[in-house]
Amino acid sequence: MQRETPSHIKVIVRVRPLIASEKIQDENTSISFSGQKSIRAAKGHNVLDLSFDKVFEPEATQADVFEEIKVSIDAVLHGYNSTSFAYGMTSSGKTYTMLGDSKGKQEIDFTKL
């Protein structure tokens, strides 16, 4: 069986749900999705269109994210180098992306990987 191995850098974005204070403070801010690779962020008259290798909307689950990166994890188990990391400013969703929601519900049992 031939295995697919990652051969380049992929930029994957996961947009977390807005928290209550953001919904109140940022009434003029909107984020919309166009397919699985594009985001449009707007604040007032300023609009920013961004493209990535993959975009996960706020409704995406931990399992959805895992399905996208499991090739990289499999490659590590077969001796290849790979790195996955969450990057962003404070409260941007790094912990949410890596561990899920704050309700303690973990969708993936990391001990069984």
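Helix α2 is followed by Gly79, whose phi is positive, near 95°; helices (H or I, at least four residues) and strands (E, at least two) are DSSP runs, numbered from the N terminus. This is a predicted model, in which local features need pLDDT of at least 70 and side-chain atom pairs count only at pLDDT 80 or more, while totals for chains, interfaces and linings use all residues. Residues are numbered from 1 along each chain as its sequence is written, and side-chain values use heavy atoms, with hydrogens and water left out.

Helix α2 covers residues 62-77 and has a kink of about 55°, centred on Ile69, where the bend at a residue is the angle between axes fitted to the seven residues ending there and the seven starting there. Within α2, the residues Gln62, Val65, Ser72 and Ala75 are buried; buried means under 20% relative accessible area, exposed means over 50%, and partly exposed lies in between, with a 1.4 Å probe and protein chains only.

Strand β2 (residues 29-34) pairs with strand β3 (residues 38-43) in the antiparallel sense over six bridges, and two strands count as paired if DSSP finds at least two bridges between them. Thr29 stands opposite Lys43 in β3. The two strands β2 and β3 form a hairpin with three residues between them, and Gly35 in the turn has a positive phi of about 75°.

How many salt bridges are there? The count comes to two salt bridges, each being a side-chain nitrogen of Lys or Arg within 4 Å of a carboxyl oxygen of Asp or Glu.

| Salt bridge | Closest N and O atoms |
|---|---|
| Arg40 with Asp49 | 2.6 Å |
| Lys70 with Glu67 | 3.0 Å |

Lys70 and Glu67 both lie in helix α2, three residues apart, which is about one turn of the helix; Lys70 is partly exposed at 37% relative accessibility, and Glu67 is partly exposed with a relative accessible area of 48%.

Another charged side chain, that of Lys54, lies over the face of Phe56, at 5.2 Å from the ring centre; a charge sits over a ring if NZ of Lys or CZ of Arg is within 6 Å of the ring centre and within 35 degrees of the ring normal.

His8 has its place in the segment before β1 (12-14), and His8 is exposed, with a relative accessible area of 51%. Although His8 and Ser82 are 74 residues apart in sequence, they are 9.9 Å apart in space, C-alpha to C-alpha.
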